[in-house]
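Open the model in your viewer and keep the selection tool at hand. The stops below go one selection at a time.

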Amino acid sequence: MRRIYHVARADFLQRVRSRRLLVVLAIVALFGYLVNVGQIELAYQIENGDAVTNVHGANTSAFVGLKAGMTGSMVLLFGGFYLMKGTLERDRIHDVDQLVACSTITDRTYLLGKWMSNIGLGVVILTTLGVATVINHAVHGVGPTELLTLVGPIIVLALPLSALVGAVALLFETVDRLSGTLGNIAYFFLAGFALAGLQSAEGHTPSELPLWVKSIDIMGHLAVYSLTADALHTVVPDASGVLPSFGALNGDEQMFNYSGRTWPLWIYVQRTGLLLPAIGTVLVATIPFTRRSSSTDSEGSGWLSRLGSLIPEVSQSNEVIEKTADTPTVDSMSLTRVEDRTNWSFWRLVAAEMRLTVRGHRWWWYVCAVALVVAPIGILVRPGTSSTSIELVRGVLLPLAFIWPIFVWSDLGVRVTKHRVADLVLSSNHPVKQLVAEWFGGVVVAVGVTSGLLTLFVVTDQMGVLVGIASGALFAPSLAVAMGIWSRSSWLFEMTYLLVWYIGPLNGATPVDFVGTTTASVERGVPIVFIGLSVILVGAALSRRTLDLRR
């Protein structure tokens with residue numbers, strides 16, 4: 001326990017010294033304000049024909065506490081993973097992993113310490129949310145400000161989730177395939193899938209909820225349902241079986257009064273039970289975890305190296321031959337002198353950035369990218385192309401075409417930092433144009449992946465969709481390069497873009513449908529708005545590069 005404590009303490013202190021954490025806490029404090037003023041709402045949506053009525057509670061301490069608990073769960077479920085992930089990578093960047101590799105500390109102790117650090121970060125986030133909730137309720141709330149009533153739901157609903165999310169983030173870091181962009185995307189959909197089980201509770205009263213459904217209540221929806229259902233039925237008696245919705249809700253409003261009640265025992269048992277899979281996940285993470293440094297892993301992580309380890313004699317003899325034959329001379333190790341530093345071309349720089357952008361990915365990424373180009377052409381050459389197939393392409397292939405290049409876009413703006421060449425780039429003749437070339441390479445990739453869709457929509461006279469494709473081709477690289485250069489990491493872009501893409505292009509929410517998958521978004525000019533936002537994002541990225549040059 002002493003070793004676990006010191007591993008957790010060292011990692012936690014490193015985290016709280018980051019200026020990036022201050023920005024995160026400021027956003028969390030903003031959530032505490034929005035909970036109290038009703039911008040983030042917890043309500044039962046009652047449908048009556050085409051009309052939707054949001055029935056929510058008055059902002060008493062008891063109801064605001066439930067909203068704050070749900071807000072904490074939402075922040076940790078969808079944002080905590082990206083905030084907690086990176087604890088092992090940070091040790092590898094600063095070569096701390098080499099000290100750990102030669103120490104007597106066990107893998108289990110080391111990972112448990114990192115897990116405790118993740119929980120500590122969750123506690124800091126929830127503490128900020130709790131303080132902001134109490135302060136804002138004293139100003140904007142209804143009735144007396146009761147400290148325990150406001151903070152208690154945050155502890156019960158959200159704190160156990162920080163342990164589970166922290167364990168999953170640690171596991172993803174120990175698996176090579178899941179430690180990068182693929183893992184970030186996989187977790188986003190995993191978190192969404194974890195909420196899908198709530199559909200099994202629809203149509204049941206709180207007393208009729210099956211035990212297995214209660215056990216998979218990740219965010220606490222069913223706990224809130226059990227606590228507030230009686231207060232709801234006093235206003236809407238026929239609302240039995242309707243589960244609460246959470247977020248920014250639109251529609252008519254109706255209010256009920258919830259002043260609190262005794263919490264059922266099953267809520268405490270269910271939330272505490274989340275610690276069991278969390279501990280199990282940390283123990284599972286010790287299996288793929290390796291103490292070797294990143295340089296060692298990169299040199300010997302392929303199947304050829306593993307095959308070579310099975311036949312050491314052959315490997316050693318080949319190594320001797322290679323060293324003898326390929327030993328470089330002093331002349332060959334010398335660099336060519338640069339005679340003219342003005343002999344350059346912007347398009348040569350773009351070509352170089354393009355090569356850096358598209359190379360180094362797994363084979364399946366290239367196969368799927370080609371499939372996204374070929375599939376629309378195949379639909380076009382097939383006789384009898386109908387409007388139904390065009391709408392299917394617009395609703396399915398178009399969103400996919402703007403999520404697949406995220407593996408490429410996530411490196412924009414952060415590549416020079418990741419490979420530790422920022423000083424070389426900043427000392428070059430054209431550091432600002434290098435960033436423009438990097439952004440341009442991301443745009444070219446977007447155009448290339450959507451080239452088949454462009455051909456299909458032009459031939460079928462779907463000219464309105466072309467504005468959406470142009471918007472997506474500009475917005476995604478612009479968001480990536482701006483967030484990458486300001487945050488010095490790719491997780492912020494990946495989290496933000498996945499959320500916008502999931503709500504907008506995938507689910508057709510008009511205000512954020514920046515690629516025009518629905519006719520309504522094109523008619524309202526949403527893609528044009530995002531084109532203007534892209535210009536602002538590129539300007540923000542260039543301003544950061546200019547600030548770096550002045551330092």
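Start with Lys-114 and Asp-91: they form a salt bridge, with the closest N and O atoms 2.7 Å apart. This is a predicted model. The pair links distant parts of the chain, with Lys-114 in helix α6 and Asp-91 in helix α4 (residues 87-93). Lys-114 counts as buried because its relative accessibility is 3%, under the 20% cut-off. Asp-91, at 9%, counts as buried too.

Asp-11 sits in helix α1 (residues 2-16), while Lys-114 belongs to helix α6 (residues 107-140). This link joins distant parts of the chain, 103 residues apart. Are Asp-11 and Lys-114 buried or exposed? Both are buried.

Now widen the selection to Arg-15 and Arg-90. Together with Asp-11, Asp-91 and Lys-114, they are linked in a network of salt bridges. The count for the model comes to 11 salt bridges.

**Next: a salt bridge with partly exposed partners**

Select Asp-411 and Lys-418. Their side chains meet in a salt bridge, 2.6 Å from N to O. Asp-411 has a relative accessible area of 21%, so it is partly exposed. Lys-418 counts as partly exposed as well, at 46% relative accessibility.

**Next: helix α2**

Select residues 19-37, which make up helix α2. Check its length with a distance label. How far apart are its end C-alpha atoms? They are 28 Å apart. At 1.5 Å a residue, the 19 residues should span 27 Å, so the two values agree.

Colour the buried residues of α2: Leu-21, Val-24, Leu-25, Val-28, Gly-32, Leu-34, Val-35 and Asn-36. Look along the helix axis as you do so. An α-helix has 3.6 residues a turn, so residues three or four places apart point the same way. Then show what lies over the buried residues of α2: the cover includes α1, α3 (61-84) and α6.

**Next: the strands**

Select strand β1 (residues 41-48). Strand β2 (residues 51-57) runs antiparallel to β1, and 6 bridges join them. Strand β3 (residues 245-247) is also antiparallel to β1, joined by 3 bridges. Which residue is its bridge partner in β2? The partner of Ala-43 there is His-56. In β3, Ser-245 stands opposite Ala-43.

**Next: Thr-286**

Find Thr-286 in the loop between α12 (275-285) and α13 (294-299). Thr-286 counts as partly exposed because its relative accessibility is 24%. Draw a distance to Thr-109. The C-alpha atoms of Thr-286 and Thr-109 are 9.6 Å apart in space, while the residues are 177 apart in sequence. Leaving aside neighbours within four places in sequence, Thr-286 is in contact with Asp-107, Arg-108 and Leu-111.

**Last: a nonpolar patch**

Switch to a surface view and select Phe-189, Leu-499, Tyr-502, Ile-503 and Leu-506. They form a nonpolar patch on the surface, with about 400 Å² of accessible area together. Which helix gives the most to the patch? Helix α25 (residues 491-506) does, with 4 residues. Leu-506 lies in helix α25. At 36% relative accessibility, Leu-506 counts as partly exposed.

Notes
Residues numbered from 1 in each chain as written. Predicted model: local features only at pLDDT ≥ 70, side-chain atom pairs only at ≥ 80, totals over all residues. Heavy atoms only, no water. Pairing = 2+ DSSP bridges. Helix = DSSP H or I, 4+ residues; strand = E, 2+ residues; numbered from the N terminus. Patch = residues over 30% accessible without salt bridge, like charges linked within 9 Å, V, L, I, M, F, W, Y side chains within 5 Å. Areas by Shrake-Rupley, 256 points an atom, 1.4 Å probe, with all protein chains shown as cover. Salt bridge = Lys/Arg side-chain N within 4 Å of Asp/Glu carboxyl O. Buried < 20%, exposed > 50% of the residue type's maximum accessible area, 1.4 Å probe, protein only. Expected span 1.5 Å × (residues − 1). Contact = heavy atoms within 4.5 Å.
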